[in-house]
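Let's take a walk through this protein together. Have a look at the chain first, and then we'll go through its parts.

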Amino acid sequence: RRSTREWQQADAAHFLHPFTDTAALAKKGARIITKAENIYLWDSEGHKILDGMSGLWCVNTGYSQPSLIEAANRQMKELPYYNAFFQTSTIPAIELAELLAQVTPPQFKHVFYGTSGSESNDTVVRLVRHYWALQGQPERQVIIARKNGYHGSTMAGASLSGMAYMHAQGGLPIPNITHIQQPFWYELGGDMSPDEFGKVAAGWLEERILEVGPEKVAAFIGEPIQGAGGVIIPPKTYWPEIQRICDKYGILLVSDEVICGFGRTGNWFGCETMGSKPDLMTFAKGVTAGYVPLGGVMVSDRVADVLIEKGGEFEHGYTYSGHPVACAVAVANIKLMQQQKLVEHVRDDVGPYLAQQFETLRDHPLVGEAVSCGLMGAIQLVKDKATRQFFPSSLEVGMVCRGHCFGNGLVMRAVGDRMVIAPPLIITRAQIDEMMTLIRRCLDLTLADVKA
Ligand code: PLP
């Protein structure tokens, strides 16, 4: 068996990691994760780590669930692969489509499968333009997204994403995608109450629609709560106002549920928590708890009826659309969530408990705000609480805090100086207490560094 150092050397020699400075990683050496159980990981040195991020916001039902592993095993033996092109289908893909129609809001009866969130959002770009062409309005090409939103890394996914540092590489965005400002009250709200600000921030959508020309706008896309952008929870007035504006101009509303879907916010889907009624919903991650790759687009009757009645062929699809093993795991995962009442567990028990615990962090000298919704939370580290003044980004206070977390057995993500958590939905109150003890310790260690 190779030593950790040897694995790290092989990793540095051959593996280009996503979103990673390879030279910096090579100097430090990757932390090699070797096993996991429940909400915990272990590294190759035997350290136990509480996974406060569910992997990448995906292992919602926790690691090593026997029913998911058995479902994959059974399906691998029976039919490891077949496609859904050329008028064929497979039983797991049909079963999952039926189940998705049950757990999603009532306007959804159809699904288009892919394997990731990025692919699902790429599908949306083509689907909405195809829809408008079928409706005799092919000039409706423009998709409005938001700054600091995240929708993936493919050409269309990264274009929809509102991350300037992503656009700088590869000449993005692709044409006909435009971004409005995000609804981040803490940073942008000034003297407004959150509710006032929510309406103002939604109004930026209407302003952009009028600038572009309503007859050219195909869709608006947003995450109910921005995840990778730092768990930006919009004021409760925001999404209903976005819905009203989309309705007013007949624009398709797309909810990117890649993180918020499958129980994360205390409902099956984030749009239910935030109060919108989307025409399309993209999903991935939590649908299989990340055990195998699967994503897709839920298509509402408004869109599906047109596609089916007027459509002919939709010239789009992937080799792995409706992969039977991935679909079998998703079916097992959704059934597990139903049997264990995990959505209710988040909504009625651990979600409110986490919110209550986060309240207590507000007294900490570094904490500007500590907010959560269901099992997504963010702690904004600030220089001055009274004036909501941030630290200069050069100090990288968030990275310092993330380092302390990792060193003390907790995975927490840093988005600038915003510390983010999204633990598995199976977490218990006792485990939240354990996580909070670690968070407080890491905040204190970070404060000591900031003062030094
Ligand atoms: N959409 C959202 C909201 C995401 O958070 C992500 C990934 O984090 C994606 C899309 C892209 O998903 P994937 O990495 O599966 O392509």
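The centres of domain 1 and domain 2, taken over C-alpha atoms, are separated by 26 Å. Domain 1 covers 31-61 + 341-451 and domain 2 covers 67-339, with bounds that come from an automatic or database domain assignment. Residues are numbered from 1 along each chain as its sequence is written. Keep in mind that this is a predicted model: local features need pLDDT of at least 70, side-chain atom pairs count only at pLDDT 80 or more, and totals for chains, interfaces and linings use all residues.

Where do the domains meet? The contact takes 28 residues from domain 1 and 24 residues from domain 2; two residues are in contact if their C-beta atoms, placed from the backbone, lie within 7 Å. On the side of domain 1 that touches domain 2, helix H15 (342-359) gives the most, with 5 residues. Helices (H or I, at least four residues) are DSSP runs, numbered from the N terminus.

Now look inside. The largest nonpolar core has 126 residues, and Val128, Ile143, Phe220, Leu280 and Val329 touch the most other members. Such a core is a set of buried Ala, Val, Leu, Ile, Met, Phe, Trp, Tyr and Cys residues joined through C-beta atoms within 7 Å, where buried means that 20 or more other C-beta atoms lie within 10 Å of a residue's own. Helix H14 (residues 324-339) gives the most to this core, with 11 residues. Both domain 1 and domain 2 give residues to this core, so it lies between them.

Finally, pick out Leu280. Leaving aside its neighbours within four places in sequence, Leu280 is in contact with several residues, including Val124, Leu252, Met298 and Ser300.

Terms used: Helices (H or I, at least four residues) and strands (E, at least two) are DSSP runs, numbered from the N terminus. A residue is buried if 20 or more other C-beta atoms lie within 10 Å of its own, exposed if 12 or fewer, and partly exposed in between; C-beta atoms are placed from the backbone.
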